[in-house]
Amino acid sequence: MKDVISESSQSRSTMPPELMGEHLGVAPFELPSLPYDYSDLEPIIDTETMKLHHDKHHRAYVDGLNKALEKYPDARGRSIEDILARINEFPSDIATTVHNMGGGHANHEFFWKVLSPRGGEGPKDELRQALESRFGDLDSFRKQFEEIGTKHFGSGWVLLVADPRTAGKLEIVSVHDQDTVIDLGKVALLSCDLWEHAYYLKYNNRRPDWLRSFWDVVNWNYVAEYFAKSRTQASRTQ
Ligand code: MN
């Protein structure tokens, strides 16, 4: 087991093959279109924020990533998960840029998927049971997620993750800037953007209000799908 951990943390992704490149395409990357309209997440996320967040911020990560990768043609055709998991293989002059821009692309692509105008109904079935058994009850889970997100200093993300190395154990973690849970060898199930660009126009400096409102636009069907896949991966790892 130790070997698996050190190997994966150094160079190999623990991402299940079916999650790799599934929704992100391969290099050179494209800005994905949103699975809903800019205004569909109102009033939780305002239209202006969605436009800026997707068209300007996410696009800047995709463009910055492609520009950095121009100097490294070997990256062509590779998924973003694969690139991020083997970032140490990149020349040092572009590794930081690829990590930051690539992380920004991967994090935002995932974030759009976990949002839905029909969100908020809460987790069901096995996912609900797993959250209850891990965190006590759903309120405690939400509270802990909000707390970790609120206390996180500066920009970053708060995420619900599964750890394939510990039988898919659920955890709440926060990461800085555009770090990803790929760096941690974990599988993301749900994320909330803590960068001010994600909430400042509507919530100003009130990050706790943003985190509290966020639940109303969570696409729990998508979270459940990823939870099921993480369990398949966990059983394979045992
Ligand atoms: Mn963002």
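User: Which residue stands opposite V161 in β2?

Analyst: In this predicted model, strand β1 spans residues 156–163 and strand β2 spans residues 169–176, and the two pair in the antiparallel sense over eight bridges. Within that pairing, the residue of β2 that V161 faces is E171.

User: What is the phi of A167, in the turn of the hairpin that β1 and β2 form?

Analyst: The hairpin formed by β1 and β2 has five residues between its strands, and A167 belongs to this turn. The phi of A167 is positive, with a value of about 60°.

User: Is F135 buried or exposed?

Analyst: F135 lies in helix α5, which covers residues 125–135. Leaving aside residues up to four places away in sequence, F135 touches S140, F141, Q144, L160, L170, E171 and I172. From F135 to L170 the C-alpha to C-alpha distance is 9.0 Å, although 35 residues separate them in sequence. Because its relative accessibility is 9%, where the cut-off for burial is under 20%, F135 counts as buried.

User: How many residues apart in sequence are the parts that H53 and D193 tie together?

Analyst: The manganese ion is coordinated at 2.0 to 2.1 Å by H53 (NE2), H108 (NE2), D193 (OD) and H197 (NE2), and the spacing of these donor residues in sequence is H-x54-H-x84-D-x3-H. H53 lies in helix α2 (residues 47–69) and D193 in strand β3 (residues 187–193), so the pair ties together parts whose separation in sequence is 140 residues.

Notes. Residues numbered from 1 in each chain as written. Predicted model: local features only at pLDDT ≥ 70, side-chain atom pairs only at ≥ 80, totals over all residues. Heavy atoms only, no water. Donors = N, O, S within 2.8 Å, 3.2 Å for Na, K, Ca; no water. Helix = DSSP H or I, 4+ residues; strand = E, 2+ residues; numbered from the N terminus. Pairing = 2+ DSSP bridges. Buried < 20%, exposed > 50% of the residue type's maximum accessible area, 1.4 Å probe, protein only. Contact = heavy atoms within 4.5 Å.
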